[in-house]
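Please look through the structure first.

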Amino acid sequence: MTKDKMTLILFSGDLDKALAGFNLATAAASMGMEVVIFYTFWGLNILRKEKNQTRSASGGLKRKLFGMINKGGVNKLPLSRFHLAGLGTKMMKQLMKEMKFPSLYELMKLAKSLGVKFVACTTTMGMMGLTKDDLIPEVDEYAGAATYLANAQESKINLFL
Amino acid sequence: MIKADAELDCLGLYCPMPIAKTVEKMKELKPGEILAILADDEGIKSDIPAWCQATGNELLAIQEENGKYRIFIRKKRRLNGKMGMSGLRLYL
């Protein structure tokens with residue numbers, strides 16, 4: 001019997017969209033599905049380490065400047081709506097705590113413990129000047145479109161967030 | 001009245017936590033044993049049956065009282081896939 005499989009493209013680096021994605025990923029893994037999350041563009045911000053962000057942005061002035069304005073890290077993501085210079089996001093996080101809902105970091109850890117696979121897109125890493133050192137060690141694979149498509153081809157559920 | 005072998009408190013928790021915790025807890029049970037899940041998020045009424053259908057575990061009953069739910073599930077006896085050998089040893 002082949003395992004049911006789900007893929008998810010995390011294109012957005014917004015807290016709310018990432019939460020929705022990890023909610024589905026952990027539920028799918030809990031139902032026995034094999035889950036692959038492909039992180040590209042702003043989604044890579046979810047995988048970024050929080051220290052030394054501008055310093056590690058490598059490869060020329062454009063990428064350095066870009067690294068200065070494009071901050072990442074699982075605890076630094078903004079809401080897609082009502083971020084309100086951080087105030088809205090802070091309130092949302094408090095609200096989540098009050099309802100005993102796990103933080104994005106805890107959901108990611110849960111996903112990892114359930115065997116969810118993290119794939120980082122090397123093209124956008126290059127574009128943004130991100131190296132493997134800039135990303136958390138939980139990344140399983142560094143790959144491109146063909147790897148995603150091969151996974152998607154054998155999955156019943158493929159989502160883009 | 002169903003007698004449960006183990007109980008899982010998910011009161012105050014929202015999706016996907018009750019499901020994730022159920023998976024964790026079920027690992028401790030032997031095949032055929034019954035788990036009672038206590039929860040108060042209404043989504044659980046539909047989510048646990050869906051999870052049972054997807055994983056082959058058996059849904060026994062859903063009791064509802066004052067906005068709280070007690071759901072009884074039985075760990076599957078028939079073995080397949082990954083848990084085959086260890087499950088078999090436990091069962092025999």
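Two strands count as paired if DSSP finds at least two bridges between them. The model discussed here is predicted.

**The sheet of chain A**

With that definition, the pairing of β1(A) and β5(A) can be followed. Strand β1 of chain A, residues 5-10, runs parallel to β5(A), and four bridges join the two. In one of these pairings A:Leu8 has A:Leu159 of β5(A) as its bridge partner.

These strands belong to an open sheet of five strands in chain A, with the order β4-β3-β2-β1-β5 and parallel pairing. Which strands stand at the edges? They are β4 (141-143) and β5 (157-160) of chain A; each has a single partner strand, so one side of each is left without a neighbour in the sheet. On average, and with direction ignored, neighbouring strands of this sheet are turned by 20 degrees against each other.

**Helices on the sheet**

Helix α1 of chain A packs on the sheet, and helix α7 of chain A packs on the sheet as well. The table lists the strands that each helix touches and the angle between its direction and that of β1(A).

| Helix | Residues | Strands touched | Angle with β1(A) |
|---|---|---|---|
| α1(A) | 15-30 | β1 and β2 (34-39) of chain A | about 165 degrees |
| α7(A) | 145-153 | β1, β2, β3 (117-121), β4 and β5 of chain A | about 145 degrees |

The crossing of α1(A) past α1(B) is left-handed.

Which residues meet here? From α1(A) they are A:Thr26, A:Ala27 and A:Ser30, and from α1(B) they are B:Ile19, B:Ala20 and B:Val23. Sorted by kind, the residues of this helix contact are four nonpolar, two polar and no charged.

The contact of the two chains takes 12 residues from chain A and 14 residues from chain B. On the side of chain B that touches chain A, α1 and α2 (44-55) of chain B each supply at least two residues. The largest share of that side comes from α1(B), with four residues. By kind, the side of chain B that touches chain A holds 10 nonpolar residues, four polar and no charged.

Definitions and conventions: Residues are numbered from 1 along each chain as its sequence is written. Chains are lettered from A and ligands numbered from 1 in the order in which they are written. This is a predicted model: local features need pLDDT of at least 70, side-chain atom pairs count only at pLDDT 80 or more; totals for chains, interfaces and linings use all residues. Axes are lines fitted to C-alpha atoms, for helices over the stretch in contact, and angles run from 0 to 180 degrees between N-to-C directions. Two residues are in contact if their C-beta atoms, placed from the backbone, lie within 7 Å. A crossing is left-handed if the near helix is turned anticlockwise from the far one by less than a right angle, and right-handed if clockwise. Ala, Val, Leu, Ile, Met, Phe, Trp, Tyr, Cys and Pro count as nonpolar, Asp, Glu, Lys and Arg as charged, and the others, Gly among them, as polar.
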